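The exercises below ask you to read a protein model step by step, and each task is followed by a worked solution. Please keep the sequence and the structure in view as you work.

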Amino acid sequence: MQITLKNLKRDYGSLHAVDGVSLEIPSNTVYGIIGRSGAGKSTLVRLVSMLETPDQGEVWYGDKRVDNLSREEMIQERRKIGMIFQNFNLFSSRTAAGNIAYPMEICRKPKEYIRKRTEELLALVGLEGRGDAPVSTLSGGQKQRIAIARALASEPSILFCDEATSALDPQTTRSILALIKEIQKKMNLTVVMITHQMEVVRDACDRVAVLDGGKVVEEGLVSDIFSSPKSVVTKDFLSNLTSVKESLVRLSDKAGHFTLRFSSETTSEPIISLVTKETGALFNIVAAGVQYIEDRKYGVMVLDIEGDEDIKKKAVDMLRSNGVTVEATVGEEVK
């Protein structure tokens with residue numbers, strides 16, 4: 001189901017938590033919303049999931065507007081969505097199966113249906129046979145798998161994940177993201193992932209919107225955002241991406257004044273050599289590496305350009321004309 005947001009606004013006193021956000025979240029996709037703490041992403045997901053009403057703007061699920069529904073209509077519409085949270089929010093007094101069954105009990109489903117559906121969901125999240133386990137005996141990753149199964153109990157068409165992996169270690173995070181992607185494909189879900197982790201966006205999402213100060217500062221395909229970030233916020237996220245730092249081969253202790261980002265179409269081309277030949281610019285490479293996003297790869301290179309200002313400008317212009325993003329290492333784009 002496609003989600004459409006039209007000029008959403010939500011204020012808390014003088015704080016503009018969400019300030020004129022308009023987005024189209026395609027159906028049957030994994031869509032990321034990323035931002036620093038306080039950027040407005042959690043408020044936005046509360047508006048999109050009908051937990052709060054916007055001060056201004058509209059929320060549409062498919063061809064139906066949902067932000068202005070009556071209380072009874074909203075209750076019915078909320079049953080079409082599932083939610084996963086950072087802290088799992090499981091009932092400690094219930095078993096794993098009891099937690100999964102709870103939404104179906106609320107909807108007064110027949111006991112046999114609940115039993116069968118619970119077993120199916122336990123198998124789906126890789127916990128077949130663990131239904132009788134007390135919540136206290138489960139690991140963090142297992143608790144999140146139960147939370148995912150519970151979110152799917154009502155057969156939603158939309159799944160919201162609010163910082164769903166923030167409390168997990170890196171290995172468990174990767175397994176949970178792989179599970180969410182697998183479930184999304186099996187059930188043709190629209191998954192909206194709220195996160196402050198660029199690794200989550202890279203490993204799980206098809207498209208991403210970057211929030212800052214309650215506004216969308218950048219939006220697009222994840223592969224395009226990684227290879228050619230436009231906003232200072234996105235560049236900062238990418239520069240602090242742990243796995244990118246780890247994958248870079250550092251050749252010098254110098255900082256390097258320029259960062260080059262190569263898309264999958266340019267990583268295999270001898271662009272640096274061509275620029276040197278055409279402009280006379282000399283490149284001192286400080287660090288370089290290649291990352292993969294699904295079946296596409298992109299490159300990052302930190303370097304200095306030797307030569308006078310005219311040569312540097314010609315080199316930068318030629319790099320850009322060949323599809324390379326050039327920025328200063330401090331995050332401001334080079335003129």
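Contact here means heavy atoms within 4.5 Å. The model is a predicted one, in which local features need pLDDT of at least 70 and side-chain atom pairs count only at pLDDT 80 or more, whereas totals for chains, interfaces and linings use all residues. Residues are numbered from 1 along each chain as its sequence is written, and side-chain values use heavy atoms, with hydrogens and water left out.

**Exercise 1. Describe the chain as a whole.**

Begin with the elements, where helices (H or I, at least four residues) and strands (E, at least two) are DSSP runs numbered from the N terminus. The chain has 12 helices and 15 strands, and its C-alpha atoms fill a box of roughly 75 × 45 × 30 Å along the principal axes. Next comes burial, for which buried means under 20% relative accessible area, exposed over 50%, and partly exposed in between, with a 1.4 Å probe and protein chains only. Of the 335 residues of the chain, 49% count as buried. Finally, among contacts between residues at least 6 apart in sequence, 68% join residues at least 24 apart.

**Exercise 2. Locate Arg-261 and list its surroundings.**

Arg-261 has its place in strand S12, which covers residues 258-262. With a relative accessible area of 4%, Arg-261 is buried. Once neighbours within four places in sequence are set aside, the residues in contact with Arg-261 include Phe-226, Pro-229, Lys-235, Leu-238, Val-300 and Thr-325. Glu-327 is also among these contacts, and the side chains of Arg-261 and Glu-327 make a polar contact at 3.4 Å. A polar contact is a pair of N or O atoms within 3.5 Å; within protein, one must be able to donate a hydrogen and the other to accept it, and residues adjacent in sequence count only if both atoms are side-chain atoms.

Now follow Lys-235, one of the contacts of Arg-261. Lys-235 lies in helix H9 (residues 232-239) and is buried, with a relative accessible area of 4%. Lys-235 and Ser-92 are 143 residues apart in sequence and 41 Å apart in space, C-alpha to C-alpha.

**Exercise 3. Which residues are in contact with Thr-118, and which with Val-125?**

Thr-118 lies in helix H4 (residues 111-124) and is buried at a relative accessible area of 5%. Leaving aside neighbours within four places in sequence, Thr-118 is in contact with Ala-97, Ile-100, Ala-101 and Met-104.

Val-125 is found in the loop between H4 and H5, and its relative accessible area of 1% makes Val-125 buried. On the same terms of sequence separation, Val-125 is in contact with Arg-145, Ile-148, Ala-149, Leu-179 and Ile-183. The C-alpha atoms of Val-125 and Arg-145 are 5.8 Å apart in space, although the two residues are 20 apart in sequence.

**Exercise 4. Find two residues other than glycine with a positive phi.**

Glu-163 has a phi near 55° and lies in the loop between strand S7 (158-162) and helix H6 (170-187). At 10% relative accessibility, Glu-163 counts as buried. Asn-188 also has a phi near 55°, and Asn-188 lies in the loop between H6 and strand S8 (190-195).
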